[in-house]
Amino acid sequence: MARAAVLERLIPPRVSIVWHEATVTEVVVESRRARTIVFAIPDWPGHRAGQHLDVRLTAEDGYTAERSYSLSSAPEDGVVAVTVDEIEDGEVSPYLVEEVRAGDVLEVRGPIGGHFTWSVDEGGPLVLVAGGSGIVPIMAMLRHRARRGSTADVRLLRSVRDPDVALWSAELAALTPAEGLQVRTTWTRRAPDGWDGPTGRITEPMLADLGPAPDAAPRAFVCGPTPFVEHVADLLIDLGHDPARIHTERFGGA
Amino acid sequence: MSPITRGFRGRRPDVDPARIPPGQYMTRDFPVLSAGPTPRVDTATWQFSIDGNIAGHPVTWTWDELLALPQETFTVDIHCVTKWSKLDTTWTGVSVDTLLAGIDTRSQWVTIWCDGGYTTNLPLADLTGGKAWVVHRYDDAPLEPAHGGPARLLVPHLYFWKSAKWVRGLTFTPSEEPGFWEDAGYHRRGDPWREQRYWSD
């Protein structure tokens with residue numbers, strides 16, 4: 001019944017996606033290799049948690065490079081922020097992480113994407129699963145939930161290589177305990193000193209324990225490197241979750 | 001003309017720039033983009049159908065019947081709306097011209113539908129004349145599930161979301177019916193050389 005299993009559609013408003021000149025107001029060091037770049041964009045039309053924007057850089061000879069980055073700021077934050085993880089040997093991310101500073105003007109366009117998004121008005125329950133910097137669009141969702149005072153049932157499991165590259169551990173700790181929100185971490189290479197929680201890659205029992213059960217018909221958002229997303233989405237389906245309610249966003253090759 | 005970005009020099013690709021559409025960069029990886037999980041597809045029960053606004057009954061092929069049709073192996077460049085381009089990719093499959101040979105229709109619009117519920121749409125003219133294939137081999141190996149295996153559409157002259165993964169059929173429609181990404185704000189046609197990314201481009 002391939003044709004009946006139509007994916008949920010979230011249709012964004014048909015606003016023109018135009019290039020803006022965005023002034024960098026702040027660069028926040030998030031980890032050894034990740035920075036949040038905060039922009040002031042006078043005509044920003046607003047965004048939904050989970051959307052991304054395009055950045056265009058132009059060299060003196062007119063050569064340009066464009067890439068997409070997930071927004072980490074909540075719609076309510078009054079600023080537009082992306083969080084960029086430096087890719088070794090990359091062309092754009094090393095510039096954004098190592099070179100950009102407050103006062104710079106970059107070209108950006110957005111917001112873009114209508115599928116990997118969530119609003120508190122849609123309610124829960126949600127299963128959020130993040131691998132590495134896949135936490136970025138999911139963090140926008142958690143911030144949005146907090147800003148709106150939502151008590152929607154939201155469970156996050158993040159998989160992080162080691163504490164040096166973990167994003168927002170302190171903010172995630174500060175968000176909990178909150179009614180309806182659970183945040184868990186598994187460390188795949190090295191856990192913090194004194195850690196007695198999960199370690200290693202995500203397993204079916206970890207996801208079963210995270211809940212909520214498939215009977216509760218949660219929507220799932222899974223973001224991370226391609227093999228991670230393939231692995232987690234397969235486990236969620238094995239647990240009985242409806243594939244049509246699993247949203248994925250992948251990065252890197254396969 | 002875009003303003004100069006302070007301190008940005010960039011890294012020019014070491015290929016003919018005429019092969020890279022505007023706003024694209026070249027990758028040697030093969031990124032995977034999908035809105036949902038990779039469907040589990042069994043070729044024992046797989047069928048490919050052409051239906052909708054056509055004369056007579058829908059036409060279907062089983063997996064074995066598809067493989068028995070004339071096969072073409074070809075090398076093309078592919079361009080994803082998320083900015084990567086991959087050059088000289090080699091595929092094997094059946095030309096859509098072959099599949100449409102016995103089909104009688106006056107419709108000029110086609111919706112492509114897939115396992116997993118994904119759809120995309122095209123004018124018929126973008127599928128015919130040696131411009132589109134249903135492919136099942138990449139780099140002389142069976143197409144991996146994450147890349148759309150067992151079979152995907154390949155329409156290399158348009159952005160890659162038109163090259164629908166896990167393709168199961170074509171439905172002729174009387175008029176343009178936007179598919180999944182077309183409905184979500186992406187361009188109706190998606191020509192990378194004209195940088196038709198979003199609906200307002």
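Okay, so Arg189(B) is partly exposed, with a relative accessible area of 28%. Keep in mind that this is a predicted model. The partner of Arg189(B) is Asp126(B): their side chains form a salt bridge, 2.8 Å from N to O. And this pair links distant parts of the chain, 63 residues apart. Arg189(B) sits in the segment after helix 3 (180-183) of chain B, while Asp126(B) is in the loop between strand 7 (119-123) and strand 8 (133-138). Is Asp126(B) buried or exposed? Buried, at 5% relative accessibility.

Now over to chain A. Arg148(A) and Asp121(A) also meet in a salt bridge, at 2.8 Å, N to O. Arg148(A) lies in the loop between helix 2 (135-147) and strand 8 (154-160), and Asp121(A) in the loop between strand 6 (105-112) and strand 7 (126-131), so the pair ties together parts that are 27 residues apart in sequence. On accessibility, Asp121(A) counts as exposed, at 62%, and Arg148(A) as partly exposed, at 41%.

Next up is Arg161(A), which pairs with Asp162(A); their closest N and O atoms are 3.4 Å apart. Here Arg161(A) is partly exposed, at 29% relative accessibility, whereas Asp162(A) is buried, at 10%.

Then there's a network. Which residues are linked in it? Salt bridges join Asp54(A), Arg56(A), Glu66(A) and Glu107(A) with Lys83(B), so you've got residues of chain A and chain B in there, since a salt bridge here pairs a Lys or Arg nitrogen with an Asp or Glu oxygen within 4 Å.

And how many salt bridges are there over all chains? The count comes to 32.

Conventions: Residues are numbered from 1 along each chain as its sequence is written. Chains are lettered from A and ligands numbered from 1 in the order in which they are written. This is a predicted model: local features need pLDDT of at least 70, side-chain atom pairs count only at pLDDT 80 or more; totals for chains, interfaces and linings use all residues. Side-chain values use heavy atoms; hydrogens and water are left out. Helices (H or I, at least four residues) and strands (E, at least two) are DSSP runs, numbered from the N terminus. Buried means under 20% relative accessible area, exposed over 50%, partly exposed in between (1.4 Å probe, protein chains only).
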